[in-house]
Amino acid sequence: MHEFLAQLANGVELGAIYALIALGYTLVYGILELINFAHGDVYTFGSFVALGVLVGLRAAGVLHGAGLILGIAAALIAAIIASALLNAAIERLAYRPLRKAPRLAPLITAIGVSFMLENLIELWQGSAPVPFPNVIPNPQLQIGALEVGVQQIVVVALAIVTMVALHFFVQRSRLGKAMRAVAQDRDAASLVGIDVNRTIAITFLIAGALAGVAGFVGGVSFGSAWFLNGFGAGLRAFTAAVLGGIGNIAGAMLGGFLIGLLESFSTWLIGGQWSNVAVFSVLILVLVFRPSGLLGESLPEKV
Amino acid sequence: MSVLLDVRALEVRYGGIVALRGIDLHVEEGEIVALLGANGAGKTTTLRAISGLLPVRAGEISFAGASVRRRSPDAIARLGIGHVPEGRRVFTRMTVRENLELGGYAIASHRKVADRIDEVLAIFPRLHERIAQRAGTLSGGEQQMLAIGRALIARPRLLLLDEPSLGLAPLVVAQIFEVLRDIHKRGTTVVLVEQNARAALALADRGYVLRNGEIARADTADALARDPAVVAAYLGGE
């Protein structure tokens with residue numbers, strides 16, 4: 001029972017990170033029908049930016065008391081801004097020129113951008129994992145039979161707040177509605193006066209910002225950053241997005257948590273070496289039996 | 001009257017195929033102009049080129065005295081050209097209200113958009129009953145009303161309508177033409193592409209007949225409706 005609850009908490013924490021990354025895949029897919037394979041590496045970049053800020057602030061000796069909270073906030077905000085700008089730059093330089101090209105061209109470009117980013121990050125940070133500064137205190141709390149770290153609670157809470165904010169932004173705000181309109185019908189959106197290119201750019205900014213939150217949260221949670229982190233996490237998050245129904249925001253969140261739980265429980269029950277098999281079997285099963293995903297529309301409404 | 005839309009020697013190509021081979025047409029402020037012609041004659045292409053959805057190969061398009069040829073569709077929409085596209089193209093996964101709100105995307109004031117939505121709902125009471133429904137669940141006629149209503153929110157000076165009667169029951173078609181008459185009376189200039197040439201000519205001041213990407217005939221609506229060749233080709237003979 002104790003172990004079960006511990007794995008549950010672990011799975012939710014992992015799931016929160018995957019959900020944040022999956023949202024980026026799903027937002028971009030929704031608007032461009034493009035799998036942005038570079039998205040996982042934008043997450044890695046966010047991790048390293050947060051790490052850099054924390055290391056710098058620790059060296060400056062300001063990470064205590066109120067300075068600690070401000071420093072953590074600064075690391076988070078820096079990761080958000082850096083990842084958002086990187087993702088928007090990728091769109092502008094690599095995908096926008098291919099807007100009218102056959103669909104395979106941007107897809108292959110995305111894979112190329114991913115390799116490029118991985119190699120650039122390796123050049124910048126080396127090929128070994130870099131420990132994340134252990135500046136955030138992590139006292140353990142006992143809630144009934146469940147033992148969780150304060151860090152875990154912060155990670156999950158931050159992810160959930162971000163997702164709720166995204167949901168309201170997309171559903172209620174003028175820009176969010178413009179994003180949905182462009183996703184559904186680009187020509188019709190432009191005819192009502194929506195600047196399609198600008199809306200796509202904003203979508204990449206938001207997807208990148210979410211990857212930045214995930215990068216910070218993931219660094220804190222795993223205790224390190226590594227140039228290839230985004231590859232594995234990106235693939236799992238992509239699986240989560242497909243599981244939930246790619247293009248569907250609620251689906252990405254649900255899929256993220258399910259994949260996180262699946263990874264944590266399969267590691268516990270059948271061993272870590274099998275968790276990839278479990279996760280990607282789910283991807284195959286979903287693609288075979290429910291290609292539109294758990295929450296995806298089974299048929300697009302087109303008249 | 002002054003010329004609101006002036007199209008000169010307009011040429012559009014799809015891949016290697018010439019879709020419009022140099023057409024000239026103009027629309028004066030306050031007119032209703034019908035574009036007639038068989039399928040593939042270039043009617044929809046003309047509207048899409050005016051709206052900036054298709055690149056113009058050669059020629060000039062000016063609206064209210066300024067060239068719009070190199071402008072993006074959203075910029076052209078903000079200048080005051082509304083376009084109700086072929087196939088309605090409502091946002092099917094959004095509600096009727098959200099569709100109308102998007103029609104007012106370029107209007108900064110929330111209040112103004114809300115007022116104009118009320119005006120459109122007064123024109124189309126059916127939409128009022130369906131206000132919270134997803135547009136994809138509406139009937140074809142209701143979707144057409146929504147597409148027109150969405151374009152009206154921005155109060156365009158020029159409204160381009162592409163086959164508003166396509167696939168609709170005669171009663172609904174009559175209703176929609178009634179609304180078009182009403183919109184025109186309130187001062188909107190209209191370009192109407194229609195298969196239903198009889199209804200279009202009954203409403204229009206003038207008409208152009210397109211054939212193979214060229215203007216084959218241009219005249220007043222009355223003259224076109226009486227022309228035996230036009231009657232034989234587009235009005236089902238009689």
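**View 1. Chain B as a whole, with its 10 helices and 10 strands.** Helices here are DSSP runs of H or I with at least four residues, strands are E runs of at least two, and both are numbered from the N terminus. This is a predicted model, where local features need pLDDT of at least 70 and side-chain atom pairs count only at pLDDT 80 or more, while totals for chains, interfaces and linings use all residues. Residues are numbered from 1 along each chain as its sequence is written, and chains are lettered from A and ligands numbered from 1 in the order in which they are written. The C-alpha trace of chain B spans about 45 × 45 × 35 Å along its principal axes. Buried residues make up 46% of the 238 residues in chain B; buried means 20 or more other C-beta atoms within 10 Å of the residue's own, exposed means 12 or fewer, partly exposed is in between, and C-beta atoms are placed from the backbone.

**View 2. The β1-β2 hairpin of chain B.** Strands β1 (residues 3-14) and β2 (residues 17-28) of chain B run antiparallel, joined by 9 bridges; strands count as paired if DSSP finds at least two bridges between them. B:Asp6 sits opposite B:His26 in β2(B). There are 2 residues between the strands, and B:Gly15 in the turn has a positive phi of about 55 degrees. β1(B) also pairs with β4 (residues 58-63) of chain B, antiparallel again, over 5 bridges, with B:Val7 opposite B:Ile61 in β4(B).

**View 3. An open sheet of 6 strands in chain B.** The order is β6-β7-β8-β3-β9-β10, with mixed pairing. β6 (81-84) and β10 (214-220) of chain B each have a single partner strand, so one side of each has no neighbour in the sheet. From one strand to the next, the twist averages 15 degrees. Inside the sheet, β3 (residues 32-37) and β8 (residues 189-193) of chain B run parallel, with 4 bridges, and B:Leu35 stands opposite B:Val193 in β8(B).

**View 4. Where chain B meets chain A.** Here 24 residues of chain B contact 17 residues of chain A; a contact means C-beta atoms, placed from the backbone, within 7 Å. On the chain B side, α2 (73-79), α3 (96-103) and α6 (140-152) each supply at least two residues. That side has 10 nonpolar, 6 polar and 8 charged residues (Ala, Val, Leu, Ile, Met, Phe, Trp, Tyr, Cys and Pro count as nonpolar, Asp, Glu, Lys and Arg as charged, and the others, Gly among them, as polar).

**View 5. A:Val192, in the loop between α7 (186-191) and α8 (196-222) of chain A.** A:Val192 is buried, with 26 other C-beta atoms within 10 Å. Leaving out residues up to four places away in sequence, A:Val192 touches B:Ala77, B:Leu102, B:Gly103, B:Tyr105 and B:Arg150. A:Ala181 is 11 residues from A:Val192 in sequence, and their C-alpha atoms are 9.8 Å apart.

Conventions: Contact = placed C-beta atoms within 7 Å. Axes fitted to C-alpha atoms, helices over the stretch in contact; angles between N-to-C directions.
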